[in-house]
Amino acid sequence: DFSMVISDSGTADLLAIVGSVGDKRANLITNHATVSHTPASTLKPLALYAPLIDNGVISWSSVFDDVPLEFIDGIRPYPANSPNVYNGLTTINEAIYMSKNTIAMRLYQILGAERIYDNLKNNFGFNIVQSERNSNGEIITDLAPAPLALGQLSRGVSLRDLTEAYTVFPAEGVLNEGRSYTRILDSSGKIILEKDSKAKRIYKTETAEIMNQLLMNVTDRGTGKSISLGNIVDTAGKTGTSGGNLEKLFVGYTPYLTAGIRASYNDSKTAVGALEKTHLEIWDEVMTKIHEEILDKYNESNKSFSLAGLEYLPYCKDSGQLFSESCLLDPRGSRIEYGYFRSDNKPRELCTTHVEVYYDIETEAIAHEGCPLDSLVRIALLDVPWRDFPVEVIIADAEYVYRRVENETPLGDSFDVPYFQNALPPDVYVGRGVKKKQFNHAC
């Protein structure tokens, strides 16, 4: 079943709403666009990313480690990734468009439950449970990582409210109270009911502009990349999937319209699997048809989100800092990327994550005393000394990691372990790459 809501991006006024697919065959039946459902990862931009960018704690290039935060029973990594591979050093830009739960959990720890609660409840009007007893006498609360970082709210959020909340981004940080009507007239033209618009600034203009660019990457290269509306007008948004694929959501927007769509089964117990048309395809078809008419009818030329007040700057994607020569020596190639920044929250210091070492191109391994001098080249590895796990974890960048080794410590003697293997304490692991042969093994 599908439900969908379309609002005006500038005013948040309700333009269209569909509560379910098919004919309406009864009165007072459930409207899935107005009843509450789990927002899942669509909550992350509102709850985490925008507030932390707004107060200058993080920026486009801020780097966090996509690795487990804890190990349940000492062995099971949490949060778990699917597939069971972690990316390692990850920028905020990547974390959003890849919807990384580990990064969301780290941002939750930085921002704190009370501040997230206050923002979602008081600014957006979401029904967040602070603490209460359910019918079984158990205490339930949303002041925990799963609800506030991963969107598993106890009471959920309606698709209409969620869609309205997302208009804060195309409206440059201002949240308008969405209206389903502006005025009602009688047969003589007399006003019977009238509703004025109310507006509140939630985020700085520059914050909204940065979020627009970050969320455009979701539809350009991330979890919403199947959407093609971006070919004719700037398109941004965020996907969400509840546990067990019981619900799939997408809230996306352009400078003109903001729309949310939800797919699920009415029994709320059946997983949403392969469908003839996915919720993303339906969203794309509907919004493309409407925008073609808008752009044609009004000859609109404003097809892009504003970038006023932002700087487009290079940075090292492994440190989030200004790139140095070492960033060019990474064996994976240049690590320089570009992003959008406020002038008061941009990279200012040179990268300290990359550490230069010698690499033996003949044996294809990290060089040490005894390697032939005529086959050595300079490369740069990643200094991530905080990685320390009780079990082995598969991390995409683990084979490019550096650790200092004292002279008397024998180097690892196998191609499937890092050169510093023998320097690690017993039963301590730092992660390994996906391939059996590790780039950072000793020659």
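Predicted model: local features only at pLDDT ≥ 70, side-chain atom pairs only at ≥ 80, totals over all residues.
Local features are given only at pLDDT of at least 70 and side-chain atom pairs only at pLDDT 80 or more, while totals for chains, interfaces and linings use all residues. Residues are numbered from 1 along each chain as its sequence is written, and side-chain values use heavy atoms, with hydrogens and water left out.

**Backbone**

Helices (H or I, at least four residues) and strands (E, at least two) are DSSP runs, numbered from the N terminus. The peptide bond between Y78 and P79 is cis, with omega near -5 degrees. P79 sits in the loop between β6 (76-78) and β7 (88-91).

D73, in the loop between β5 (70-72) and β6, is a residue other than glycine with a positive phi, near 55 degrees. E364, also not a glycine, has a positive phi of about 55 degrees; E364 lies in the loop between β20 (354-360) and β21 (365-366). Buried means under 20% relative accessible area, exposed over 50% and partly exposed in between (1.4 Å probe, protein chains only). D73 is exposed at 67%, and E364 is partly exposed at 43%.

**Helix packing**

Helix α1 (residues 44-54) packs against helix α7 (residues 205-220) at an angle of about 130 degrees, with the axes 9 Å apart. Axes are lines fitted to C-alpha atoms over the stretch in contact, and angles run from 0 to 180 degrees between N-to-C directions. Angles under 35 degrees count as roughly parallel, over 145 as roughly antiparallel, 65 to 115 as roughly perpendicular and the rest as oblique; α1 and α7 are therefore oblique. In contact (heavy atoms within 4.5 Å) are P45, Y49, A50, I53 and D54 of α1 with T207, I210, M211, L214 and L215 of α7.

**Aromatic pairs**

Rings of Phe, Tyr and Trp (its six-membered ring) pair if their centres lie within 6.5 Å; planes under 30 degrees apart count as stacked, over 60 as edge-to-face and the rest as tilted. The whole structure holds 15 aromatic pairs, including the two in the table.

| Pair | Centre to centre | Angle between planes | Class |
|---|---|---|---|
| F71 and F389 | 5.9 Å | 55 degrees | tilted |
| Y359 and F439 | 4.8 Å | 5 degrees | stacked |

F71 is in strand β5 and F389 in the loop between β22 (376-383) and β23 (401-402), 318 residues apart. Y359 lies in strand β20 and F439 in the segment after β23, so this pair ties together parts 80 residues apart in sequence. F71 and F389 are buried, and Y359 and F439 are buried too. Ring pairs also link F124, F126, Y166, F169, Y203, Y253 and F305 into a cluster.
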